[in-house]
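Look at the model below and follow two themes.

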Protein chains: 2
Amino acid sequence: MSQALQPATETTDPRILRSRRMLMDSLATLLKTREFEDISVHEITDEAKLNRATFYLHYPDKSALLLAMTEVRFRELIERRGISFTDCDRALDAIVLGVCDYLIEVTGCPVKGALIPLEGSIIPVVEGMFREGLSRHGAAGGVDSELLATTVAWAIFGGARRWFQTPNRVAAEEMAGKIAAMVKPVFLNGNQ
Amino acid sequence: MSQALQPATETTDPRILRSRRMLMDSLATLLKTREFEDISVHEITDEAKLNRATFYLHYPDKSALLLAMTEVRFRELIERRGISFTDCDRALDAIVLGVCDYLIEVTGCPVKGALIPLEGSIIPVVEGMFREGLSRHGAAGGVDSELLATTVAWAIFGGARRWFQTPNRVAAEEMAGKIAAMVKPVFLNGNQ
DNA sequence: ATGCGAAATAGACAAATGTCGATTCTAGAA
DNA sequence: TTCTAGAATCGACATTTGTCTATTTCGCAT
């Protein structure tokens, strides 16, 4: 019934942690060979050396695993770079670049035609970062800062996604700069 | 293999047209009772009085049908309102309102928790409209107008989607105004 | 009206999905 | 160390999915 609430469950049980880590690692490995749609739950648990039933103990379906995996890995990538909001412009640039880089990181080198449903996992994370940034600085006058965060997050993901799907794309840094510049006025204008 | 190219096939054969229309209508009907994930291809063809194999003659899977259906219906809704680009501001407002209204139209009254993967069908249509508008007017100086169209389309959809998922939401017109105002500066800024 | 090509149907198939009950194993507390 | 809750395994199940090979039906041009 798509009640994907398990992954949010806080737990310290090493067995649970291990199983979930194994499943995520397994999916990450398989994603470098096949496309998401062509990977079965059986293959994932096989690679992870787990029973297939164990999979369903943690995730309602493979999309939920992808979502959980992406969230963890994208967060890691972002935190590895330690984005701070002391300089908002810099933070924006870093976040956009992070999205671009992650798209490459997660789906190996070959340009796949498939449009993996990553928006469900990346966008909320980006959104959260903007919410945090907005609550600290420029908490926008008349504008709903929640809506602002959502809108900008989608805009960035959409732009990055287009770039990623482009056959012979320019460098991630270049594209990130363009997207950031394009999106910036939304923040500025919001304050008056 | 997700080679969903059939729907793009131009045809005049009444049998093909009829089958596709039946399938779309059937899905639209079922969507008012169940969530997308809980509807099987068998149920769709059953409701449409067609053989299950016929389904696969037209669409590779049910997501492709949803995509095709959404594209057709969303385009209809937009064209029913006859958006023109004589006044860009007005066009932007109308497009945003169209997205908000369509989200309601497609998924009945009850607020479903499910996030139907509509972005794949609505966003490209919105994107196309902006591309058209940009090619006529303000074809942006230094900015890539393709990227601009994509980015804005995602921003709008993301905003509308957030609004749609909000428990007790404000009127579509009000939200559409807020989103349009938020997004507008992206266009203006692009020209210098 | 007749025949051709293509669309629709029918039935079958292997594989994948999501769920279940029963059993075994294990982390952490007593 | 022993005990226990619950995590993992196992085998099985009904459904669903996507694909096939006939076979039948139908639109349309001749």
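A:Phe130 is buried in this predicted model. Its relative accessible area is 5%. Buried here means under 20%, so A:Phe187, at 16%, is buried as well.

What kind of aromatic pair do A:Phe130 and A:Phe187 form? The pair is tilted.

Now place the two rings in the chain. A:Phe130 belongs to helix 6 of chain A, residues 119-136. A:Phe187 belongs to helix 8 of chain A, residues 172-190. The pair therefore ties together parts that are 57 residues apart in sequence.

How many aromatic pairs does a search of the whole structure find? Over all chains, the search finds 11. Ring pairs also build a cluster. Its members are A:Trp154, A:Phe157, B:Trp154 and B:Phe157.

Rings meet charges too. In chain A, the charged end of A:Arg169 sits over the ring of A:Trp163, 5.4 Å from the ring centre. In chain B, B:Lys62 lies over the face of B:Phe36, and the distance to the ring centre is 4.8 Å.

Next comes the DNA. There are 20 residues around DNA strand C. Those that come nearest are A:Arg52, B:Arg15, B:Ser19, B:Thr54 and B:His58. Of the atoms of DNA strand C that come within 4 Å of the protein, 64% belong to sugar and phosphate.

Helix 3 of chain B gives the largest share, four residues. By type, the residues of this surface are eight nonpolar, five polar and seven charged.

| Residue | Protein atom | Atom of DNA strand C | Distance |
|---|---|---|---|
| A:Arg15 | side-chain N or O | base oxygen | 3.3 Å |
| B:Arg15 | polar backbone atom | phosphate oxygen | 2.7 Å |
| B:Asn51 | polar backbone atom | phosphate oxygen | 3.0 Å |

Read the table by DNA part. A:Arg15 uses its side chain to meet a base oxygen. B:Arg15 meets a phosphate oxygen through its backbone, and B:Asn51 also meets a phosphate oxygen through its backbone.

Notes: Residues numbered from 1 in each chain as written. Chains lettered and ligands numbered in written order. Predicted model: local features only at pLDDT ≥ 70, side-chain atom pairs only at ≥ 80, totals over all residues. Heavy atoms only, no water. Phe/Tyr/Trp six-rings, centres within 6.5 Å; stacked < 30°, edge-to-face > 60°. Helix = DSSP H or I, 4+ residues; strand = E, 2+ residues; numbered from the N terminus. Buried < 20%, exposed > 50% of the residue type's maximum accessible area, 1.4 Å probe, protein only. Lys NZ or Arg CZ within 6 Å of the ring centre and 35° of its normal. Near = heavy atom within 4 Å. Polar contact = N/O pair within 3.5 Å; in protein donor to acceptor, adjacent residues only side chain to side chain. Nonpolar A, V, L, I, M, F, W, Y, C, P; charged D, E, K, R; others polar.
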